[in-house]
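Biologist: Could you take a close look at the aromatic side chains for me? Start with the overall layout, then go through the rings one by one.

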Amino acid sequence: MRTVRLNRDEFVASVQENRDSHRSVFEEALEGYRDRWIRELERRLHDVRRGREINQYFSLPEPEDHTDDYDRILTMARMSVDDVIELSEDDFAMYVMDQWSWKSSFTRTTTMYTGAR
């Protein structure tokens, strides 16, 4: 099977659920990211005040927000004049199964800040 035809309302509901989940994880990770930066900056400030050597390089991967990817397909589906949406196998994997090309990178990064497994 290379394509599938879906009821538009069911499709929208599925993508909306994936979008809301993504956004929630992103927001939690962003909060953790900011907390990590604050802790690191405070630690370094403490070291500077005590005359210790400071490593000036610091890097934490920033959580990626892909909410726009979901919003784009949701807008397209909602504006469609068709009650049935036809998707390719790859589109189905992304939109319904939530298997985007960026998903593994997103999960790795957000897990650093949310503690989720």
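What pattern does the protein follow, read along the sequence?

Modeller: Along the sequence the pattern is β-α-α-β-α-α, which comes to 4 helices and 2 strands (DSSP runs numbered from the N terminus, H or I of at least four residues for helices and E of at least two for strands). A word on the source: this is a predicted model, where local features need pLDDT of at least 70 and side-chain atom pairs count only at pLDDT 80 or more, while totals for chains, interfaces and linings use all residues. Residues are numbered from 1 along each chain as its sequence is written, and side-chain values use heavy atoms, with hydrogens and water left out.

The C-alpha trace spans about 70 × 25 × 20 Å along its principal axes. Of the 117 residues, 33% count as buried (under 20% relative accessible area with a 1.4 Å probe, protein chains only; exposed is over 50%, partly exposed in between).

Now the rings. Searching the whole structure turns up 8 aromatic pairs (rings of Phe, Tyr and Trp, the last by its six-membered ring, with centres within 6.5 Å; planes under 30 degrees apart are stacked, over 60 edge-to-face, the rest tilted). One of them is Tyr33 with Tyr113, an edge-to-face pair at 5.5 Å centre to centre and 80° between the planes. Tyr33 sits in helix α1 (residues 8–49) and Tyr113 in helix α4 (residues 103–114), so this pair ties together parts that are 80 residues apart in sequence. Both partners are tucked away: Tyr33 is buried at 13% relative accessibility, and Tyr113 is buried at 9%.

Tyr95 and Trp100 make another edge-to-face pair, with 5.6 Å centre to centre and 65° between the planes.
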